[in-house]
Amino acid sequence: MPGDVMDARFRFSTDPADIDRERVHRWLSEDAYWARGRSRELQDAALDGSRNFAVVDSASGEQVAFARVVTDGVTFAWLCDVYVAPEVRGRRVGVGLIAGVAAELERLGVRRWVLRTADAHGLYARFGFEPLAEPDTWMVREAR
């Protein structure tokens with residue numbers, strides 16, 4: 001499905017070899033409001049404990065987007081650290097990235113997916129995400 005929604009110049013990937021860890025760290029630690037200042041050590045540990053996804057420019061081989069999913073692979077998945085490089089935004093790369101992630105989680109049969117976003121509700125709504133039906137049943141513990 002990712003190829004159906006994004007420019008053919010780009011390809012979706014689940015191959016760990018397509019993850020440019022230095023680039024992902026730079027994107028997230030310098031430009032992503034939710035991860036600004038995250039250390040490389042912490043970022044690498046997060047990647048090591050997650051399923052990681054990329055969109056790659058087929059011509060150059062350069063990674064242009066990233067998403068990470070924390071999951072048990074069966075019952076629950078948290079979609080996080082979604083980032084599309086500024087130079088390819090508006091070219092449906094984000095749509096292709098999320099389509100690929102969704103296809104992978106559907107293939108696994110994961111029942112419940114969650115995410116947190118401040119500004120991309122429209123993108124995620126296309127893939128069935130909606131506000132929590134029972135927010136009073138969810139709790140969070142933040143580090144202090």
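Author: Let us begin with a term: two residues are in contact when they have heavy atoms within 4.5 Å. The structure above is a predicted model.

Reader: Which elements cover the buried residues of H2?

Author: A residue is called buried when its relative accessible area is under 20%. In helix H2, the buried residues are Arg23, Val24, His25, Trp27, Leu28 and Ser29. Their cover includes H3, strand E3 (63–71) and strand E4 (76–84).

Reader: At what angle do helix H2 and helix H3 pack?

Author: An angle between helices compares the directions of their axes, each taken from N to C. Here helix H2, residues 21–31, packs against helix H3, residues 40–48, at about 115 degrees, and the two axes lie 10 Å apart. The crossing of H2 and H3 is right-handed.

Reader: Which residues of H2 meet H3?

Author: In general, an α-helix has 3.6 residues a turn, so residues three or four places apart point the same way. In this model, H2 contributes Arg21, Glu22, Val24, His25 and Leu28, which meet Arg40, Gln43, Asp44, Leu47 and Asp48 of H3. By class, the contact of H2 with H3 comprises five charged, three nonpolar and two polar residues. Val24, His25 and Leu28 are among the residues of H2 that meet H3, and they are also among the buried residues of H2.

Reader: Why does Ala65 count as buried?

Author: Ala65 belongs to strand E3, and Ala65 counts as buried because its relative accessibility is 0%, where the cut-off for buried is under 20%. Leaving aside residues up to four places away in sequence, Ala65 touches Trp27, Phe53, Ala54, Val55, Tyr83, Val84, Val93 and Leu97. Ala65 and Val93 are 28 residues apart in sequence, and their C-alpha atoms are 7.3 Å apart.

Reader: Is Tyr33 buried, partly exposed or exposed, and why?

Author: Tyr33 counts as partly exposed because its relative accessibility is 41%, and that class runs between the 20% and 50% limits. Tyr33 sits in the loop between H2 and H3. Beyond residues up to four places away in sequence, Tyr33 touches Thr117, Ala118 and Asp119. Along the chain, Tyr33 and Ala118 are 85 residues apart, yet 9.3 Å separates their C-alpha atoms.

Reader: Which residues line the second largest pocket?

Author: A pocket is an open space with protein around it, and lining residues have an atom within 4 Å of one of its points. The second largest pocket holds about 160 Å³ of space. Its lining consists of Thr14, Asp15, Pro16, Ile19, Arg21, Leu47, Arg51, Asn52, Phe53 and Glu104. Strand E2, residues 51–57, supplies the largest share of this lining, three residues. By class, four lining residues are nonpolar, four charged and two polar.

Technical notes
Residues numbered from 1 in each chain as written. Predicted model: local features only at pLDDT ≥ 70, side-chain atom pairs only at ≥ 80, totals over all residues. Heavy atoms only, no water. 1 Å grid on protein atoms, 1.4 Å probe; cavity = no way out; pocket = protein on both sides within 12 Å on 5 of 7 lines; lining within 4 Å. Points joined across faces, edges and corners; volume = space filled by probe spheres on them. Helix = DSSP H or I, 4+ residues; strand = E, 2+ residues; numbered from the N terminus. Nonpolar A, V, L, I, M, F, W, Y, C, P; charged D, E, K, R; others polar. Axes fitted to C-alpha atoms, helices over the stretch in contact; angles between N-to-C directions. Left-handed = near helix turned anticlockwise from the far one by under 90°. Buried < 20%, exposed > 50% of the residue type's maximum accessible area, 1.4 Å probe, protein only.
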